[in-house]
Amino acid sequence: MFEKQINCNMKVYIDDMLVKRRTTSDHIYDLAESFGVLREYQMKLNSAKYVFGVASGKFLGFIVSQRGIEANPEKIKALADMAPPRSIKDVQ
């Protein structure tokens, strides 16, 4: 359904979709295109799952913002807090 948009302005994973653009005018155009595809295939969105106009948010365990897609600090906390190895045995 979204083959023209995937990896261009849309990320998709099973039933999660993310339409992203840096400028508002491009984003509105991309959303209109996405809604047109949904209408063409008579698909509906779950109103409990969609949000619009957010500057950043979580998507599949990552943080998506104007800077791009970054690791979620909550998910990598254990790695960040891990003490460095003190001996060769600790590395093994």
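Author: A residue is called buried when its relative accessible area is under 20%, exposed when it is over 50%, and partly exposed in between, with a 1.4 Å probe and only protein chains counted. The model is predicted, so local features need a pLDDT of at least 70 and side-chain atom pairs a pLDDT of 80 or more, while totals for chains, interfaces and linings use all residues. Residues are numbered from 1 along each chain as its sequence is written, and side-chain values use heavy atoms, with hydrogens and water left out.

N72 sits in the loop between β5 (68-71) and α2. Helices here are DSSP runs of H or I with at least four residues, strands are runs of E with at least two, and both are numbered from the N terminus. With a relative accessible area of 4%, N72 is buried. Helix α2 covers residues 73-81, and of its nine residues the number buried is zero, so the helix lies largely in the open.

N72 caps the N-terminal end of α2: one of its side-chain oxygens is 3.0 Å from the backbone nitrogen of E74. Not counting residues up to four places away in sequence, N72 touches K58, G61, F62 and I63; a contact means heavy atoms within 4.5 Å.

Neighbours within four places aside, S34 is in contact with F2, Q5, M10 and V19.

The loop between α1 and β3 (57-59) holds M43. M43 is partly exposed, at 44% relative accessible area, and it touches M1 and L38 when residues up to four places away are not counted. Q42 is also placed in the loop between α1 and β3; it counts as exposed at 71% relative accessibility.

The backbone at Q42 has a positive phi of about 55°, although Q42 is not a glycine. Most residues other than glycine have a negative phi. N7 has a positive phi too, of about 70°, and is not a glycine either. N7 lies in the segment before β1 (10-13) and is exposed, at 63% relative accessibility.

Now the whole chain. It has three helices and five strands, in the order β-β-α-β-β-β-α-α along the sequence. Its radius of gyration, taken over C-alpha atoms, is 18 Å, well over the 12 Å that the globule rule (2.2 Å times the number of residues to the power 0.38) gives for 92 residues, so the chain is more spread out than a compact globule. Along its principal axes, the C-alpha trace spans about 60 × 25 × 25 Å. Of contacts between residues at least 6 apart in sequence, 36% join residues at least 24 apart.

Notes:
Polar contact = N/O pair within 3.5 Å; in protein donor to acceptor, adjacent residues only side chain to side chain.
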